[in-house]
Amino acid sequence: MKFVKNLKSLLIFVSILIFLIIGFFVSTSFWEQKAYNFMVQAFSAYKVGSDEIVLVVIDDKSLAKFRWPWKRELYSEVFDFINKSNSKVIGFDAIIATPDLENPKSDANFYKTLSETNNIVIGFVPLFSKYDNLNSGKKYDEDFKKKFAIEIDDKSQSKLPTFYNSLSEFPVDCFKNTKMTGSVLTTPDYDGYIRSLDQLVDYKGTLYPSLSLRMYMYLHPNSKLNLSDKYITAENTELKIPIYKKPNGVYNNIHYYKMLKNSEYSHKTYSAVDIIDSARAVKAGKKPIISPEVFDNKIVFVGANAKAIAVGLEDVKHTPMSNNFPGIDIQASNLDNLLHNEYLRLSTPMFDIVSLVIILLATFLTIKYFSLFVSISTIAVIALLYLVIAAICYRFGYVVNVLTPITLQVVVMSIAYSYRFILEGRNKEKIKNAMGKYISQDVMKNVVKNIDKLKLGGKRAEVTVLFADIRGFTSMSEKMSAEEVSLILNEYFTAVEPIITKYNGVINKFIGDAVMAIFGEPIQDKSHAVNAVKCAAEMLDKVAELHKKWLAEGKPKIEIGVGINTGEVFVGNIGSESRLEYTVIGDVVNLASRIESYNKVYKTKFLISSTTYQNVRNIANVIKISEVSIRGKQKKLDIYEVLRLQ
């Protein structure tokens with residue numbers, strides 16, 4: 001028995017654990033990411049991007065004047081104009097992959113600009129595809145590493161496997177004249193949203209910085225990078241990027257900024273065509289649309305994001321801020337993070353575990369010790385309080401699980417209340433069964449059915465009342481011990497109770513050695529008189545069987561007398577507001593008891609009233625006993641002895 005109990009407890013524990021694991025998996029896989037997006041928008045992105053960073057975008061307005069694809073000398077005009085204002089650094093969020101064979105002179109002008117400009121960082125992307133020519137590809141990798149690799153002191157304990165097979169290739173002249181390059185790779189999460197950015201990309205054992213990190217390094221010369229398992233730091237700077245590793249690189253979660261008013265960007269933005277027109281106006285001695293001074297001491301990102309005109313030129317991504325967030329603004333936001341040490345830090349496993357344990361423990365204790373209303377209210381307050389704490393964490397750049405603890409809280413609450421409901425149901429059933437031994441099961445069912453309507457009072461109804469009394473009980477009690485008497489009574493009552501139930505009767509009470517049963521209420525039965533008489537006949541037969549058994553056991557012979565009356569009574573609850581009893585009251589009940597007592601007078605066993613006889617005369621053979629004086633009745637009555645049933 002103990003083994004079964006322990007096994008049951010183990011199975012319950014394992015089941016709860018399985019439900020928690022399923023809840024954790026569902027929440028972290030499907031809901032937590034959406035919660036992350038909401039929290040970033042609502043609390044983390046509480047301010048716009050730094051005015052130190054500006055964007056120059058090739059937009060629809062630019063393409064309306066200069067048809068795509070652009071001649072690269074247009075970029076030269078943009079870069080030259082920006083640098084006339086002494087900009088700090090320019091990040092070109094684009095990939096230059098092929099030469100413009102139709103406009104070689106334009107390419108030459110662009111490459112000349114690159115050679116004469118020291119503060120431009122051009123983007124590249126590591127690729128999964130292989131080089132068409134493996135030998136030339138291998139040579140390109142070597143040249144790329146020699147020219148663009150940066151010194152990184154890698155103190156991390158785990159090395160990253162390499163998945164990339166090639167790099168986006170610069171045209172030869174572009175490669176020669178490019179001074180700096182950085183990865184513009186943005187790797188979305190499994191749901192397609194960009195929440196993090198690859199700060200360091202591992203390509204064949206060499207770590208290359210992101211476009212933004214390379215720009216940061218240019219702004220901080222002699223700032224050698226250090227990589228540990230937790231941070232990227234740079235010597236002689238305050239840079240301290242909290243990082244996380246994945247198979248293809250080192251990343252950190254981007255701290256996005258709020259969009260500017262009436263704009264899809266979080267940083268100040270200029271149209272590339274306005275820059276070109278301004279550059280040409282200055283060259284012609286005219287007033288420019290945009291003054292070169294707007295770029296003084298600014299960090300500038302140049303990139304494309306045109307929607308309506310140029311198919312394939314729209315550079316937008318799914319991010320927590322928007323499903324159409326400009327890719328150039330992702331790069332700008334990343335550099336903004338680096339410059340101001342504004343990062344989103346992921347919560348530690350210890351924090352997640354501790355917060356989860358506290359919430360679940362508080363939920364369990366609340367359910368265990370408080371009522372349903374109080375516990376649900378308290379659990380709701382706990383959940384709300386945790387959401388407030390989560391919002392505060394996001395406001396200060398700390399990412400915590402938002403829905404997972406609440407999801408598991410709901411799981412625990414559901415399991416606890418389900419178990420509590422089942423347990424209470426079992427206890428109620430036990431109580432009902434136990435109370436059914438003191439009052440009728442049918443009365444019990446009626447009480448449970450109308451539990452909210454219990455009150456004093458009842459109704460008038462026609463019923464049949466049966467009294468059965470043991471003959472000579474007093475003298476038998478004097479000759480036997482109390483224990484022996486109780487054994488005989490218990491055996492007798494146990495034998496007759498199923499018979500009464502069989503005929504839709506309800507035992508109203510045991511009165512010493514007597515049984516009072518009601519037919520017709522609370523069980524509705526139009527044939528209550530017939531069933532009462534049939535019940536009495538079967539009870540007498542059962543007692544006759546018991547005679548033989550008791551005589552064989554050396555016990556005294558006992559007989560019973562039965563009296564039955566039919567009529568209208570008051571049936572319902574009597575007593576006080578704090579103690580009720582379901583019973584029947586009326587002259588019909590008293591008369592049934594007195595009719596039963598006449599069995600002693602007439603040496604009979606089974607007497608019924610005239611009203612009962614009117615209902616059973618077709619099934620009963622009787623002897624009429626005329627003009628019997630009933631105590632309490634002025635008028636004499638007729639009663640009938642039932643001899644047999646037909």
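Predicted model: local features only at pLDDT ≥ 70, side-chain atom pairs only at ≥ 80, totals over all residues.

Q: What makes the charged end of Lys240 count as sitting over the ring of Tyr231?
A: The distance is one part of the test: the charged end of Lys240 is 4.6 Å from the ring centre, and the cut-off is within 6 Å. The charge must also be within 35 degrees of the ring normal. Arg395 also sits over a ring, that of Tyr46, at 3.5 Å from its centre.

Q: Why is the pair of Phe148 and Phe175 called edge-to-face?
A: The ring planes stand at 80°, and edge-to-face needs over 60. The centres are 5.4 Å apart; pairing requires them to lie within 6.5 Å. A search of the whole structure gives 26 aromatic pairs.

Q: Which parts does the pair of Phe148 and Phe175 tie together?
A: Phe148 belongs to helix α5 (residues 134-148) and Phe175 to helix α6 (residues 172-177), so the pair links parts 27 residues apart in sequence.

Q: How do you know whether Phe148 is buried or exposed?
A: Its relative accessibility is 3%. Buried means under 20%, so Phe148 counts as buried. Phe175, at 13%, is buried by that cut-off.

Q: Why are α10 and α11 called roughly antiparallel?
A: The axes of α10 (residues 349-369) and α11 (residues 372-395) cross at roughly 165°. Angles over 145 count as roughly antiparallel, and therefore this pair does. The axes come within 9 Å, and the crossing is right-handed.

Q: Which residues of α10 meet α11?
A: Among them are Ser355, Ile359 and Ala362. Their partners in α11 include Ser375, Ile382 and Tyr386.

Methods: Residues numbered from 1 in each chain as written. Heavy atoms only, no water. Phe/Tyr/Trp six-rings, centres within 6.5 Å; stacked < 30°, edge-to-face > 60°. Helix = DSSP H or I, 4+ residues; strand = E, 2+ residues; numbered from the N terminus. Buried < 20%, exposed > 50% of the residue type's maximum accessible area, 1.4 Å probe, protein only. Axes fitted to C-alpha atoms, helices over the stretch in contact; angles between N-to-C directions. Parallel < 35°, antiparallel > 145°, perpendicular 65-115°, else oblique. Left-handed = near helix turned anticlockwise from the far one by under 90°. Contact = heavy atoms within 4.5 Å.
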